[in-house]
Amino acid sequence: MYFTDRGIEELEKRRGEEEVSLAWLSEQLRTFVDLNPDFEVPVERLATWLARLDDEDDEDDEDGDAADD
């Protein structure tokens, strides 16, 4: 188990039933980076990864995968 899993598990346990908007999450990430500038790069990478999750599916379709035809 990665060390970070403990934080993720705590987040899920404490707030797992909540629904939040991506705008709210974005604001929380900005606030976190303002308070912890050393984490700017990892937060940027996470935000970019989350933003592009659906792009991977689109790229698979564009690669000429005709299995669905």
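Helix H2 is the main contributor to the second largest pocket, giving four residues to its lining. This is a predicted model, in which local features need pLDDT of at least 70 and side-chain atom pairs count only at pLDDT 80 or more, while totals for chains, interfaces and linings use all residues. Residues are numbered from 1 along each chain as its sequence is written, and side-chain values use heavy atoms, with hydrogens and water left out.

The second largest pocket comes out at about 160 Å³. A pocket here is worked out on a 1 Å grid over the protein atoms alone: it is an open set of points where a 1.4 Å probe fits, with protein on both sides within 12 Å along at least five of seven lines, and its lining residues have an atom within 4 Å of a point. For the volume, grid points are joined across faces, edges and corners, and the space filled by probe spheres set on the points is taken. The lining is made up of Leu22, Leu25, Ser26, Leu29, Ala47, Leu50 and Ala51. Both H2 and H3 supply at least two residues each. Sorted by class, the lining holds six nonpolar residues, one polar residue and no charged ones. In this sorting, Ala, Val, Leu, Ile, Met, Phe, Trp, Tyr, Cys and Pro are nonpolar, Asp, Glu, Lys and Arg are charged, and the others, Gly among them, are polar.

Then there is the largest pocket, with a volume of about 990 Å³. It is lined by 20 residues, and Ile8, Leu11, Leu25, Leu29 and Leu46 are the ones closest to its centre. Helix H1 (4–15), helix H2 (22–35) and helix H3 (40–51) each give two or more residues to this lining. Its make-up is 13 nonpolar, four polar and three charged residues. Leu25 and Leu29 turn up here and also in the lining of the second largest pocket.

Stepping back to the whole chain, there are four helices and zero strands, giving the pattern α-α-α-α along the sequence. Helices (H or I, at least four residues) and strands (E, at least two) are DSSP runs, numbered from the N terminus. Of the 69 residues, 3% are buried; that label means under 20% relative accessible area, with exposed being over 50% and partly exposed in between (1.4 Å probe, protein chains only). The chain exposes about 6,800 Å², and carbon and sulfur atoms supply 50% of that area. Areas of this kind come from the Shrake-Rupley method with a 1.4 Å probe, and for residues only the protein chains shown count as cover.

As for charged contacts, a search of the whole structure turns up three salt bridges, each being a side-chain nitrogen of Lys or Arg within 4 Å of a carboxyl oxygen of Asp or Glu. One joins arginine 14 to glutamate 10, with the closest N and O atoms 2.9 Å apart. Both residues sit in helix H1, four residues apart, or about one turn of the helix. Arginine 14 is exposed, because its relative accessibility is 63%, while glutamate 10 is partly exposed at 43%. Another salt bridge links arginine 15 with glutamate 18, where the closest N and O atoms are 3.1 Å apart. Here arginine 15 is partly exposed at 39% relative accessibility, and glutamate 18 is partly exposed at 42%. In the remaining pair, arginine 30 meets glutamate 27 at 3.5 Å, N to O. These two are three residues apart in helix H2, so about one helical turn separates them. Glutamate 27 has a relative accessible area of 39% and is therefore partly exposed.

The ring search gives one aromatic pair. Phenylalanine 32 and phenylalanine 39 have ring centres 5.5 Å apart and planes at 55 degrees, so the pair is tilted. The rule pairs rings of Phe, Tyr and Trp (its six-membered ring) if their centres lie within 6.5 Å; planes under 30 degrees apart are stacked, over 60 edge-to-face and the rest tilted. Phenylalanine 32 is partly exposed at 35% relative accessible area, and phenylalanine 39 is partly exposed at 43%.

Valine 43, found in helix H3, is buried because its relative accessible area is 13%.
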